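Look at the structure below. This report covers a pocket first, then the nonpolar cores.

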Amino acid sequence: MSKKNPYLQLDQQMVGDIYTSQEVMENLTVLCDEYGARFAGTPEEYEAANFIAACFKRYGLQNVKLETYPYAGWTRGTATLEVIEPIRRTLHCISLPYCPAADITTELVSAGCGSPDEYTALGDTATDKLVMAKSASPPDLGRWVHRKEKFERAVLAGASGFIFVSEHPGVGPETGSLQNDRPAPMPGISVCKEDGEFLARLIARENGKVTLKLRTTDINEPRTSWNVVADLPGNENADEMVVVGCHYDGHDISQGAHDPASGMVSVIEASRVLSAYAADSLKCTVRFIAFGTEEIGLTGAFRYIDAHASELDNIRFMLNMDAAGGSSRKGIVLHHWDALEPFFNTAQQQMHTEMPVGQKVHSYSDHFPFFLKGVPSSHMGDPESAPAGRGFGHTAYDTLEKVELANLRAASAVGARVALRCANADDFPAKRRTSEAVQEIVDTDPGLEGYRISLKLTL
Ligand SMILES: [Zn+2]
């Protein structure tokens with residue numbers, strides 16, 4: 001295995017440029033300060049898509065376009081939560097995306113951290129009740145339990161509503177959609193950790209009866225959004241492509257600076273330096289995609305897969321850089337692609353950079369529609385990270401000043417160098433897998449338990 005770097009000169013040019021430029025932070029500042037949350041259905045979402053397209057054009061990319069698609073839209077309404085007994089109190093809360101309008105008065109039960117065992121223990125005591133679950137992952141379960149899985153288990157338990165309690169002090173309620181691309185079958189709201197602890201203390205009182213009145217006024221209606229697609233065409237095999245992407249929409253309660261904008265501007269920065277230095281030497285096409293409406297169900301990525309079904313055989317690799325410019329390590333997390341590990345380990349040794357390589361898949365970002373279609377896929381992150389909470393993510397405090405230029409640069413550099421290597425490999429060691437092979441992973445991977453639960457709800 002050679003440690004000699006066949007791309008040394010291009011690496012030096014691209015990485016040197018990234019580390020002597022402010023461009024990536026300037027783009028992040030525009031996305032966050034000019035366009036705010038870029039939430040699905042807002043004017044700023046469309047303006048951000050056009051800004052990203054303008055960046056791609058300015059950097060010399062080709063076939064730059066906005067691809068329009070329909071999706072299930074949602075508009076936040078006011079939400080009120082009143083404690084009726086054992087005392088009277090009004091608590092601050094927010095609806096979660098796809099919450100329907102509702103007005104219910106019923107008892108509260110707690111599902112703890114919302115693990116499968118905690119829901120089993122609730123049995124039919126959850127029927128027609130409000131179920132509350134903390135955002136924390138259950139300790140000792142060995143996997144992260146996503147909000148959607150907790151919500152869907154509450155639906156399956158016969159609950160009439162769901163209260164998502166942030167695990168983090170001082171950051172208010174934690175948002176996130178209840179469903180993918182469809183109105184939720186029952187209301188779901190979020191409260192801050194402090195109010196969640198208060199409700200837990202009421203449940204712990206002697207008779208434990210806590211009655212709440214929840215009223216939501218959200219609107220579910222069809223809408224239109226956009227993926228932004230741009231190419232650096234390959235010079236030898238333009239039909240075959242490497243896809244590098246990230247979503248650009250954030251949640252409406254914040255700037256979404258870390259999730260997703262730090263990753264989005266790193267994708268844009270990778271496109272800038274690849275275009276400037278490697279455009280003439282790319283063998284395959286590198287396609288950059290800014291996905292729309294990820295936060296409410298990976299809708300842009302699912303629509304992309306539908307619209308480009310005939311091209312999926314031609315994607316040799318997909319790298320999802322969702323939130324990649326945050327503080328996490330800039331590794332390559334492969335989605336059950338053992339054959340690709342040596343390829344990326346060799347790349348890492350030649351690049352002389354920190355880029356841990358590992359295997360782990362989850363169903364909660366834009367790589368997942370590609371994974372389901374058998375496309376060799378990955379996301380940028382730390383393959384060794386333990387299941388952990390989002391911190392200020394998905395709260396009002398995911399704001400620009402928390403993102404560090406050094407992290408944006410590291411993500412951009414790894415993204416550009418990996419895309420170059422994938423596009424120029426003569427024998428890329430992975431081919432699209434069959435639907436049977438995908439199904440076997442979907443049926444057995446512990447990390448996809450939440451996805452299997454969501455299928456139960458669909459049936
Ligand atoms: Zn994201």
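## Lining of the second largest pocket

Helix α13 gives the largest share of the lining of the second largest pocket: five residues. The model is predicted.

In total, 19 residues line the second largest pocket. Those nearest its centre are Asn180, Arg182, Phe302, Tyr451 and Ser454. Sorted by class, the lining has eight polar, six nonpolar and five charged residues.

## Space and position

How much space lies in the second largest pocket? The volume is about 310 Å³.

Where does the second largest pocket lie? Domain 1 (8-74 + 222-448) gives residues to the lining, and so does domain 2 (77-217); therefore the pocket lies between them.

## The nonpolar cores

In soluble globular proteins, nonpolar side chains tend to be buried together. Here, the largest nonpolar core has 74 residues. Within this core, Ile52 and Phe344 touch the most other members. Helix α11 (residues 405-424) gives the most to the core, with 11 residues.

Take Phe344. Leaving aside neighbours within four places in sequence, Phe344 is in contact with Phe317, Ile332, Leu334, Met355, Val357, Val418 and Cys422.

There is also a second, separate core of 29 residues. Among them are Trp74, Leu122, Ala126 and Ala184.

Technical notes:
Residues are numbered from 1 along each chain as its sequence is written. This is a predicted model: local features need pLDDT of at least 70, side-chain atom pairs count only at pLDDT 80 or more; totals for chains, interfaces and linings use all residues. Side-chain values use heavy atoms; hydrogens and water are left out. On a 1 Å grid over the protein atoms alone, a cavity is a set of points where a 1.4 Å probe fits but cannot get out, and a pocket is an open set with protein on both sides within 12 Å along at least five of seven lines; lining residues have an atom within 4 Å of a point. Grid points are joined across faces, edges and corners, and a volume is the space filled by probe spheres set on the points. Helices (H or I, at least four residues) and strands (E, at least two) are DSSP runs, numbered from the N terminus. Ala, Val, Leu, Ile, Met, Phe, Trp, Tyr, Cys and Pro count as nonpolar, Asp, Glu, Lys and Arg as charged, and the others, Gly among them, as polar. Domain bounds come from an automatic or database domain assignment. A nonpolar core is a set of buried Ala, Val, Leu, Ile, Met, Phe, Trp, Tyr and Cys residues joined through side-chain atoms within 4.5 Å. Buried means under 20% relative accessible area, exposed over 50%, partly exposed in between (1.4 Å probe, protein chains only). Contact means heavy atoms within 4.5 Å.
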